[in-house]
Amino acid sequence: MTTIYPRAASPTLVPRRDSLSDPFSAALRPPADETPAERERRIAEELRAKQVSDAIDEQLKLERAEQKRNKADVKVLLLGQSESGKSTTLKQFQLTHTPKAFHAERMAWRSVIYLNLVRSIRRILEAVSPDPDEPLVVPATSLPSTSFGQPGPSSSAVLHDPDKYTLYAQRLAPLVLLEERLIRMLSEDVDDDEATRLEDGSAPGWLTNGNASIGSSNSGNGALSTASSPSTAAGARPAIHIDTRSLPGSPSTRSPVARGVEVAVRTPKWKQALSLSRKQLKSTSPHSGTGEVVGWWEDPNDPVHVLFKCSRPMRALWADPWVQAKLTERRIRLEESSGFYLNEIDRITAMKYIPTDDDILKARLKTVGVQEHSFTLTQGASRPMIWKIYDVGGARNQRQAWAPYFTDVNAIIFLAPISAFDQVLAEDPRVNRLEDSLLLWRSVVSNKLLKHVNLIIFLNKCDLLKTKLESGVKLNQFLLTYGDRSNEYEAVSKYLRNKFGLLHQQHTPNPNRELFIHFTAVTDTRRTGTIIANVRDIIVRRNLKDSKLLV
Ligand SMILES: Nc1nc2c(ncn2[C@@H]2O[C@H](COP(=O)(O)OP(=O)(O)OP(=O)(O)O)[C@@H](O)[C@H]2O)c(=O)[nH]1
Ligand SMILES: [Mg+2]
């Protein structure tokens with residue numbers, strides 16, 4: 001915060017042409033009998049006063065410039081349930097508009113990608129466990145000493161399920177410790193007071209009565225930053241939360257990791273912390289000094305070593321038909337979450353692995369709180385526009401943090417993952433995810449505070465919807481009103497578009513508001529780039545129109 005000092009009196013350094021009728025001039029005039037010493041003192045004091053005054057002027061000028069810089073022309077809020085694709089959309093905006101910042105964070109994402117991969121392995125092991133609810137702790141002495149690299153059909157024929165599970169679990173046990181280490185790495189340098197209190201999942205007030213508690217939003221400085229909601233109290237839990245379904249051999253079921261909770265980070269500090277250990281590299285790496293990001297593989301503590309060593313059993317586990325059959329039996333579709341990395345184990349566990357743009361877009365890290373991203377948009381000859389995009393946590397216990405942003409926002413991009421029609425909320429397994437999206441959408445479109453806010457909806461995860469329908473999953477088994485309509489992608493997507501469109505039509509407090517609907521797969525950079533350009537133009541045009549109407 002800047003302190004404003006009281007303004008000094010106006011200096012009088014030069015002889016003035018004082019008007020005799022002006023009482024101020026008379027008061028400031030030097031006394032007629034001023035001695036040379038007094039005159040010198042007076043001039044010195046006046047000089048000092050002028051310096052103070054100039055400093056204040058300069059300070060005010062800087063503050064005005066700062067205020068101007070921070071005043072966003074356009075504020076966009078990304079809304080939607082957890083895992084709907086909000087943060088991925090934000091990454092796409094970053095990639096388009098602040099590519100330098102995106103690339104600078106590339107290596108920090110390595111840890112998140114590793115963690116996603118390790119957790120996918122853990123989920124598989126849980127799925128093939130003889131008792132998925134009671135992880136088996138394997139006594140080291142009972143382990144068969146078979147080579148693990150290629151468990152072909154013969155090994156699956158010889159071994160009973162528990163043996164096979166034990167074998168995999170033993171070989172992959174180092175990943176348990178790695179998982180905890182990765183979580184610690186991500187949580188390092190995160191202050192407790194920035195952590196999030198996980199409250200109960202009850203619906204926030206604004207969802208039921210439309211009365212939000214209003215506050216102002218924080219300003220950001222270019223890169224991703226945490227903007228704490230004015231009405232959300234921060235709690236005292238660690239900022240990282242994680243499921244503790246430990247792999248067999250896990251050191252303790254009371255490890256810092258809490259069972260059933262997904263990894264989430266409230267602050268972007270982890271990016272700075274993990275961005276690059278250039279400092280460490282300088283002293284150890286022969287590659288240092290080139291300014292390049294190199295040499296992490298020379299650090300024996302780098303997580304890549306454990307991953308590299310576990311690479312073969314990981315690959316074998318994922319490729320094992322017995323495992324695939326178990327996953328199908330238990331209706332676990334890892335490709336809908338971080339399973340993407342399972343098809344790329346060799347590349348991702350390679351010593352010199354550098355995440356690609358695609359890897360980063362697919363990396364999953366749950367958002368807690370609100371994160372802000374600013375960028376300047378220059379279009380043609382018109383003056384540059386400052387955009388602020390707010391990415392919120394979408395889980396139920398996070399939604400109370402949304403309302404304070406409602407009064408001061410120009411546009412909302414709402415993400416509805418339409419592929420999730422056969423899934424339930426992680427935070428409440430009694431609630432179907434599509435139903436939750438529809439209810440959430442209805443509360444957004446009907447909210448009076450958002451009456452004049454431009455609404456754009458991304459019917460997201462269309463790629464997954466297509467694959468799911470093609471694999472034979474039927475929409476009408478989860479959405480009874482769909483009846484006996486075609487289960488083809490075209491028919492399903494059109495139906496869902498109409499459903500979301502109709503809710504807006506029926507519940508909007510502003511019948512003149514136009515709704516923009518897009519089918520998206522926000523992990524697809526090429527297609528999303530075009531959509532983002534389109535959305536940007538709509539928002540800019542609407543904003544211009546609104547500001548003209550207001551004048
Ligand atoms: N295949 C596919 N994956 C997607 C798509 N959109 C998002 N994802 C993936 O879904 C996961 C969740 O996306 P996020 O962007 O983290 O979801 P979010 O809405 O920010 O979730 P919260 O932070 O919990 O509110 C990530 O692993 C994304 O890569 C999509 O259109 N297609
Ligand atoms: Mg997010």
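User: Happy to dig into this one with you! Why is Lys 461 called buried?

Analyst: Lys 461 has 26 C-beta neighbours inside 10 Å. A residue is buried if 20 or more other C-beta atoms lie within 10 Å of its own, exposed if 12 or fewer, and partly exposed in between, with C-beta atoms placed from the backbone. Lys 461 therefore counts as buried. Keep in mind that this is a predicted model, where local features need pLDDT of at least 70, side-chain atom pairs count only at pLDDT 80 or more, and totals for chains, interfaces and linings use all residues. Residues are numbered from 1 along each chain as its sequence is written, while chains are lettered from A and ligands numbered from 1 in the order in which they are written.

User: Where is Lys 461 placed?

Analyst: Lys 461 sits in the loop between strand S8 (454-460) and helix H17 (462-470); helices (H or I, at least four residues) and strands (E, at least two) are DSSP runs, numbered from the N terminus. Lys 461 also has a positive phi of about 65°, although it is not a glycine.

User: And what makes Arg 331 exposed?

Analyst: Arg 331 has 9 other C-beta atoms within 10 Å, so it is exposed. Its phi is positive too, about 50°, and again the residue is not a glycine. You will find Arg 331 in the loop between helix H13 (321-329) and helix H14 (345-348).

User: Why is helix H5 called roughly perpendicular to H13?

Analyst: The axes of H5 (residues 109-128) and H13 cross at roughly 80° and come within 9 Å. Angles of 65 to 115 degrees count as roughly perpendicular, under 35 as roughly parallel, over 145 as roughly antiparallel and the rest as oblique, so H5 is roughly perpendicular to H13. Axes here are lines fitted to C-alpha atoms, for helices over the stretch in contact, and angles run from 0 to 180 degrees between N-to-C directions.

User: Which residues make that contact?

Analyst: Ile 124, Ala 127 and Val 128 of H5 meet Val 323, Lys 326 and Leu 327 of H13, where contact requires C-beta atoms, placed from the backbone, within 7 Å. By class, the contact has five nonpolar, no polar and one charged residues. Ala, Val, Leu, Ile, Met, Phe, Trp, Tyr, Cys and Pro count as nonpolar, Asp, Glu, Lys and Arg as charged, and the others, Gly among them, as polar.

How values were computed
Contact = placed C-beta atoms within 7 Å.
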